[in-house]
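Here is a briefing on selected local features of one model. Look over the sequence and structure before reading on.

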Amino acid sequence: MKLLSIATCLFTLMTSLVYAQNTATNTTTTSSTIAKYGNSFKNQGGNILHDKVNVYIIFYGNWTSPQAQQEQAIFMHFVENISISPWFKLLNQYFDSSGRTVTGPLNLAAAVNDAGSQSLNLTSAAHKKIIVDAVNSGYLSPINRIDSNGIYIIMGGPDVKDAEFCTANCGYNSYDNDFQYMFIGYPGICPNSCMPQVNVKSSPNNSPAMDAAITIFSHELQDILTDPRNNAWVIQDNGSNIELGDFCSGTGTVSYQFGNITQENSGGYNIELAGNKYLVQTIFDLETKQCSLGK
């Protein structure tokens, strides 16, 4: 159910939202999810991912072109630098029963290419095998050992199809007994479904597909850090799981999903980070009970 609720919410976010600019503040209008669950949102007893979190990226499919290699660099730059942002610091509010909080930083531990070891038509079962095989090969871990406190990311290339990508989701996160992971498809395959409208034709980093993938990642990252095993920061309601990233996503024309969007000829963005600009989803601020980009 975790996979289904996240995928459905994220797909709705990317397909139905009309992006509105809000120039007044970095704290945005309260969403309907916040109105319903904001006061009852708490840790259910599970662990969060705290302190330094290693990130392992598998670029799956064909990433050999100069454009694809540039896109890889854009995504890795975001991973390496997002921890220093006011946006990421909002996650410091989220804790577990031991009093540990999501502090980061994210550490880009390894990134590898897999041209298609499990074919280019994937199912959810194949995702786990891709990760385990990459670890056992030594390319992700020199000691062939799973990092149970890390995050494994499969980034699908433009030639990769996934069972539910473009139809039910743009990306999702889940877990196995020994690790947590996420899959993000290549948004350029279905721009009308998985790209923010403000960045379809042009985007801040001159790559609408990868900039959209970063937007998707900014949602999944909130969930996987605060609820890696579906037993921490989650509300279970009538078979649906409400996680942190779900509070500031959804349908409508309001700006709570992205806060202040600065529109330029190169596209729309809401944060600047180490010389680059990105469009990220806002985070539910426990103190103000609103969606925020941080201070």
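**Helix H5**

Ala126, His127, Ile130, Ile131, Ala134 and Val135 are the buried residues of H5; buried means under 20% relative accessible area, exposed over 50%, and partly exposed in between (1.4 Å probe, protein chains only). This is a predicted model, where local features need pLDDT of at least 70, side-chain atom pairs count only at pLDDT 80 or more, and totals for chains, interfaces and linings use all residues. Residues are numbered from 1 along each chain as its sequence is written, and side-chain values use heavy atoms, with hydrogens and water left out.

- H5 covers residues 124-137, 14 residues in total. Helices (H or I, at least four residues) and strands (E, at least two) are DSSP runs, numbered from the N terminus.
- From first C-alpha to last, H5 reaches 21 Å, close to the 20 Å expected at 1.5 Å a residue. The expected span is 1.5 Å times one less than the number of residues.
- Gly138 follows H5 and has a positive phi, near 95 degrees.

- H3 (residues 66-81) has 16 residues and reaches 23 Å, close to the expected 22 Å.
- Buried residues of H3 include Ala68, Gln72, His77 and Asn81.
- Their cover includes strands S1 (53-60), S2, S4 (151-156), S12 (271-273) and S13 (276-278), and helix H7 (208-226).
- H3 and H7 pack at about 30 degrees, with axes 9 Å apart. Axes are lines fitted to C-alpha atoms, for helices over the stretch in contact, and angles run from 0 to 180 degrees between N-to-C directions.
- The two helices, H3 and H7, are therefore roughly parallel (angles under 35 degrees; over 145 is roughly antiparallel, 65 to 115 roughly perpendicular, the rest oblique).
- Glu71, Ile74, Phe75, Phe78 and Val79 of H3 make the contact with Ala209, Met210, Ile214 and Phe217 of H7. Contact means heavy atoms within 4.5 Å.

**The loop between H4 and S2**

- Asp96 lies in the loop between helix H4 (86-89) and strand S2 (106-114).
- Asp96 is buried, at 3% relative accessible area.
- A polar atom of the Asp96 side chain lies 3.0 Å from the backbone nitrogen of Ser98.
- Beyond neighbours within four places in sequence, Asp96 is in contact with Asn43, Gly46, Asn47 and Ile48.
- Pro105 is in this loop too. The Gly104 to Pro105 peptide bond is cis, with omega near 5 degrees.

- Cys166 has a positive phi of about 80 degrees. Cys166 is buried, at 18% relative accessible area.
- Ala274, between S12 and S13, has a positive phi of about 50 degrees. Ala274 is partly exposed, at 49%.

Note on methods: Polar contact = N/O pair within 3.5 Å; in protein donor to acceptor, adjacent residues only side chain to side chain.
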